[in-house]
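Visitor: Could you take one residue inside this model and look at it closely with me? I would like to know what surrounds it, and then how the part of the fold around it is put together.

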Amino acid sequence: MNRSAIVLGISVATAALTLAGERRAAACGGCFQPPPPPTQTTSDITDERMLLSVSTLQSTLYDQIRYSGSPASFAWVLPIHGTVDVGLSADVLFDSIDVLTETQIVSPPPNCPPPPNCGFGGFGASGSASSGTAAGASAPPPAVVVTKQENVGPYASVQLHSTDSSALEAWLAQNGFVIPADVMPLIAQYVTEGFDFLAMKLLPNQGVQSMRPVRVTTPGAGLSLPLRMASVGTGAVVGITIWIVADGRYEPQNFPFFHIEDSELIWDWKTNSSNYTTLRVVNDVKFQNKGWEIESSLDLNQQLITSVILSGGQYYGGRGNFGGGIPTMAPSDPSQDYLPTGDADAGVDSGAFQTAEEVRTADVKALFVGMAGPNARVTRIRSDIAHAAMTADLVFQASADQSELSNVRTVTKSVNLMCPTYPPCPSGSGSNLGGSSGSRNSASGSISGGGAASGSVSSVPGAAPAATASNGQGCAAASESTQGSAGTVGALAGLFGLVVIGRVQARRRARRSRRSQ
């Protein structure tokens with residue numbers, strides 16, 4: 001009986017300690033996982049988008065044609081030199097390069113005091129070239145010479161040579177190419193400068209919904225874009241994004257340019273955004289909307305770029321450089337992005353037929369022709385350029401500085417940091433070890449380097465830091481203590497058990513004494 005009573009007393013004391021510990025944890029509450037640091041991604045979805053692939057062997061211009069009018073009124077004219085190869089591209093190529101190079105701005109870590117540690121554990125069809133009919137020896141040469149003619153997907157394309165802009169205008173009008181009157185003076189300038197022309201229109205049975213981007217390949221390294229022609233139909237200011245895929249970093253030669261440094265960036269915790277777009281506007285004003293921003297210049301693995309395009313633009317991070325492996329995605333159905341060219345039932349005379357998969361393969365292959373590999377340098381530049389500034393074609397040159405420019409921008413300064421409020425520890429539970437006393441701290445209006453909040457950070461003077469361990473969820477885990485109220489309750493329960501045992505033993509001695517009498 002004595003042994004049972006002693007066991008009961010120990011059990012009650014142990015239960016009391018356990019319950020006290022559970023009440024302490026419930027009083028402090030569960031751990032709060034801090035959210036991941038916010039990021040800002042700049043996206044210019046309304047921009048005109050072009051890509052220029054350059055090597056010593058050839059240059060390929062990818063142009064994302066955008067048009068919303070009547071199919072019969074569509075015409076697209078590009079100044080060229082000599083004859084070029086025209087192929088069909090797709091929006092997915094632009095989307096893939098965009099997602100691989102888009103600017104990402106990472107906020108600084110918030111320098112806020114941690115939660116209070118209350119002393120508990122935490123929880124074409126490709127046709128043959130057609131030349132102009134040769135005139136007799138006594139006849140003058142034709143005013144307009146057709147150097148190549150073919151159907152490419154939904155487009156009828158023709159390449160023309162002329163030294164007479166009036167004759168060229170008349171030829172285009174007679175052959176169904178609708179050229180606005182205000183464009184003809186611009187074409188006349190190009191004629192004077194010795195350019196030839198590629199002209200395209202939609203085939204009679206094709207609608208606007210069938211339009212796709214095109215690629216135009218010229219022999220040799222061509223480092224200019226027809227900015228004057230791109231100005232046609234634009235407003236007072238137009239956003240243009242250009243990617244240059246090459247073996248090195250390039251920059252504008254005949255236009256001013258700039259780069260926004262990470263040290264210029266400030267994160268505003270009130271809006272969860274940076275001043276990146278504001279700095280853009282400041283530079284636009286400085287250069288009177290003539291300047292180009294070099295956003296980034298990245299060494300990207302050719303296999304990675306190819307994989308993203310083939311997957312339909314799916315990308316989950318990882319550049320695959322330096323032997324780190326290439327993230328691979330399952331190829332998508334090519335017909336979702338690309339159109340076949342030519343007519344499979346029209347015979348040899350209609351030109352070679354290419355399936356959607358063959359068109360996609362040729363489109364991706366053209367990106368890297370003449371490049372050493374395994375990487376390609378992709379330089380991304382952008383401008384909100386004024387229509388009035390588009391009076392010269394954009395010419396590029398190799399940069400003197402060939403270092404990479406990351407698209408991930410790390411901000412080190414911030415303003416308006418508001419730290420969270422934590423409830424104070426219960427009375428008698430010990431001091432706030434290594435945490436906030438519950439006051440709200442801010443860095444309103446002032447810049448804090450390294451993400452630190454300016455102003456005072458509330459803490460308990462003289463408090464010694466508690467030994468803590470991270471549980472991987474952003475919470476501080478401390479070893480449980482039997483001191484304080486839990487120890488008091490347990491001791492009282494133990495004493496209660498001993499008192500019970502003493503009374504039982506006293507009663508037994510009294511009974512024995514009566515019997516002996």
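Guide: Leaving aside its neighbours within four places in sequence, serine 296 is in contact with Thr101, Val378, Thr379, Arg380, Leu405, Ser406 and Asn407, where contact means heavy atoms within 4.5 Å. This is a predicted model, in which local features need pLDDT of at least 70 and side-chain atom pairs count only at pLDDT 80 or more, while totals for chains, interfaces and linings use all residues. Residues are numbered from 1 along each chain as its sequence is written, and side-chain values use heavy atoms, with hydrogens and water left out.

Serine 296 is buried, because its relative accessible area is 0%; buried means under 20% relative accessible area, exposed over 50%, and partly exposed in between, with a 1.4 Å probe and protein chains only. The residue lies in strand β17, and the names used here follow DSSP runs, with helices (H or I) of at least four residues and strands (E) of at least two, numbered from the N terminus.

To see where that strand sits, look at the open sheet of eight strands, whose order is β5-β10-β3-β2-β12-β18-β17-β14, with mixed pairing. At its edges stand β5 (85-88) and β14 (257-258), each with a single partner strand, so one side of each is left without a neighbour in the sheet. Two strands pair if DSSP finds at least two bridges between them, and we can follow several of these pairings across the sheet.

β5 and β10 pair in the antiparallel sense over four bridges, and glycine 87 has arginine 215 as its bridge partner in β10. Between β3 and β10, which run antiparallel, there are six bridges, and here the partner of glutamine 58 in β10 is proline 219. Strand β2 (residues 48-54) and strand β3 (residues 58-63) also run antiparallel, joined by five bridges, with methionine 50 bridged to aspartate 63 in β3. The direction is parallel where β2 meets β12, and six bridges join these two strands; across this pairing, serine 53 stands opposite valine 245 in β12.

Helix α2 (residues 91-101) lies across β2, β3, β12 (237-246), β17 (292-301) and β18 (375-386), running at about 85 degrees to β2; axes are lines fitted to C-alpha atoms, for helices over the stretch in contact, and angles run from 0 to 180 degrees between N-to-C directions. Helix α6 (residues 276-286) lies across β14, β17 and β18, and makes an angle of about 125 degrees with β17.

Some care is needed about confidence, for which pLDDT is the predictor's value for each residue, from 0 to 100. The chain averages a pLDDT of 77, and 66% of the residues score at least 70. Over residues 320-324 the pLDDT is below 50, and this stretch has eight contacts in the model beyond near neighbours in sequence. Residues 436-445 likewise have a pLDDT below 50, with 33 contacts in the model beyond near neighbours in sequence.

Finally, a disulfide, meaning a pair of cysteine sulfur atoms within 2.5 Å, joins cysteine 112 to cysteine 419, with 2.1 Å from S to S. Cysteine 112 counts as partly exposed at 24% relative accessibility, whereas cysteine 419 is buried, with a relative accessible area of 2%.
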